[in-house]
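Biologist: I'm new to this one. Can you put it up and walk me through it?
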Amino acid sequence: AFHHIENHLEKTPNEYIRWRYEHGSDKEGLEKVTAKMTAEEEERLKMPIPIDVKTEDGKMHTMKLVFKRFTDGRRVIGKDKEVSYEVKWQNDTVSWVPKSKLVQAGFEKLLKQTDDRIAALATQLVRPLTQKFVEQHLKDVGLDAEFATHTRIGALSGGQKVKVVLAAAMWNTPHIVILDEPTNYLDRDSLGAMAQAIHEYE
């Protein structure tokens, strides 16, 4: 349960959560094997892709473009209601591309990262990534300010570390949470609080 925080024992829980989400994406999530790009996948992304682009004369033309980055723009367009993403290409052209076309071209992992960033930005509009809001978030899982903001993770008990891990995983308000033996190290009061939280989770 502690492998995410073992390399951050010198940080306070508050500092750890702000570090983990400081650029929008969940840094720990990007370290997963399933999220990392292989050398072969990275090479594939350098290949030109035929894209329909509207030129200055208002007409649509097909151009072969090389990917530069996602702008984090996302919308649903067309009669089929398919999600499209705004892409900036190497020649600085910007266009909207359907998700199905991007997946077919090998962008599935980058799309997941983009979706995570968009979700994180939406969360930060309601709950900014500041010391005050993170402290309250940690308090919501039972870690008082004394331990959340003023104590290094390395000095916490096993039960307190579990609360840090749970709080960090919940910061982006995920739709689905998978818990593997989450009751390890928790005291009786924390077990009761967790059972109630799971029962009321929506």
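Predicted model: local features only at pLDDT ≥ 70, side-chain atom pairs only at ≥ 80, totals over all residues.

Biologist: In what order do the strands of the open sheet run?
Modeller: The order is 3-4-5, with antiparallel pairing. Strands are DSSP runs of E, at least two residues, numbered from the N terminus. Two strands pair if DSSP finds at least two bridges between them.

Biologist: Which are the edge strands?
Modeller: Strand 3 (67-77) and strand 5 (94-98); each pairs on one side only.

Biologist: Over how many bridges do strand 4 and strand 5 pair?
Modeller: Over 5 bridges; strand 4 covers residues 82-89. Glu 86 stands opposite Trp 96 in strand 5.

Biologist: New topic. Where does Thr 93 lie?
Modeller: In the loop between strand 4 and strand 5.

Biologist: Buried or exposed?
Modeller: Thr 93 counts as buried because its relative accessibility is 18%. Buried means under 20% relative accessible area, exposed over 50%, partly exposed in between (1.4 Å probe, protein chains only).

Biologist: And what about Leu 179?
Modeller: Leu 179 has 36% relative accessibility, so it counts as partly exposed. Leu 179 sits in the loop between helix 8 (158-170) and helix 9 (188-200). Helices are DSSP runs of H or I, at least four residues.

Terms used: Residues numbered from 1 in each chain as written. Heavy atoms only, no water.
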